[in-house]
Amino acid sequence: MTELNKIGQFAAAMLNAATLDDLLWSIAESIGETLGFDDCVIYLNVDEILIQKSAFGIKNPQKRKLLNSIVIPFGQGIVGAVAQSKEAEIIADTRLDSRYIHDEFSGMSEITVPIIYENRTLGIIDSESAKKNAFDNSDKELLQIIANIAAPRIVSALYRSTLHKTQRQLEKTNLKLETSLYALKKNQEVLIHSEKMASI
């Protein structure tokens, strides 16, 4: 399969994602399956904290269930360093890098690519391999293209999610307001009735 076909397959898989959750799982699964990686974890940036949101491989033993999701602050570990620098990294041998954070899958090599939108790190694509020197610059370029395709879709999904939350909050506020107005109207009726009775 050519690199162009891989990108096309990835883009097509993303089109079927309806929610942010669907989208993040789709990205991890597509990368893992299409590129034949041992694993792939997608982190999302929430207030400068990177939270594992989806995975392919050992971190995903059951369909769409994360095994021991971890969080990494910006600047910590390889993942946090890439989030901060906004520059993708390939680690040929993780045993020689003191920044490496051990997880369920302790890989021998790692590739970490930032998902950037308007100069802001939205998240991270992180893959590890059981072999040393498993990743090369063509993998890095391909993952960066995938991250660039994913970025506006993630922003759109985040916006829709925020919009739905705001809408639900407005509906709750409107319901409370209607309840308050109804109670106020009832109190007014009681007060008017009391005043009429007092005047009689």
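## Terms and basis of the model

Contact between two parts of the chain means here that heavy atoms lie within 4.5 Å, and helices (H or I, at least four residues) and strands (E, at least two) are DSSP runs that are numbered from the N terminus. The model is a predicted one, in which local features need pLDDT of at least 70 and side-chain atom pairs count only at pLDDT 80 or more, whereas totals for chains, interfaces and linings use all residues. Residues are numbered from 1 along each chain as its sequence is written, and side-chain values use heavy atoms, with hydrogens and water left out.

Six strands make up an open sheet with antiparallel pairing, and their order is 3-2-1-6-5-4; two strands are taken to pair if DSSP finds at least two bridges between them. Strand 3 and strand 4 stand at the edges with a single partner strand each, so one side of each has no neighbour in the sheet. Neighbouring strands of this sheet are turned against each other by 25 degrees on average, with direction ignored; axes are lines fitted to C-alpha atoms, for helices over the stretch in contact, and angles run from 0 to 180 degrees between N-to-C directions.

Helix 3 (residues 77-85) is mostly covered, as seven of its nine residues are buried, where buried means under 20% relative accessible area, exposed means over 50%, and partly exposed lies in between (1.4 Å probe, protein chains only). The buried residues of helix 3 are G77, I78, V79, G80, A81, V82 and A83, and they pack against strand 1 (40-46), strand 2 (49-56), strand 3 (71-73), strand 4 (89-91), strand 5 (109-117) and strand 6 (120-129). Just after helix 3, K86 takes a positive phi of about 65 degrees.

Helix 2 is mostly covered too, with 13 of its 16 residues buried. From its first C-alpha to its last, helix 2 reaches 22 Å, close to the 22 Å expected at 1.5 Å a residue, the expected span being 1.5 Å times one less than the number of residues. The residue that follows helix 2 is G36, whose phi is positive, near 70 degrees.

## Salt bridges

A search of the whole structure finds three salt bridges, each defined as a side-chain nitrogen of Lys or Arg within 4 Å of a carboxyl oxygen of Asp or Glu. One of them joins E89 and R99, with the closest N and O atoms 2.7 Å apart. E89 lies in strand 4 and R99 in the loop between strand 4 and strand 5, so this pair ties together parts that are 10 residues apart in sequence. E89 is partly exposed, with a relative accessible area of 21%, and R99 is partly exposed at 28%.

R99 also meets D97 in a salt bridge (2.9 Å, N to O), and D97 counts as buried at 15% relative accessibility.
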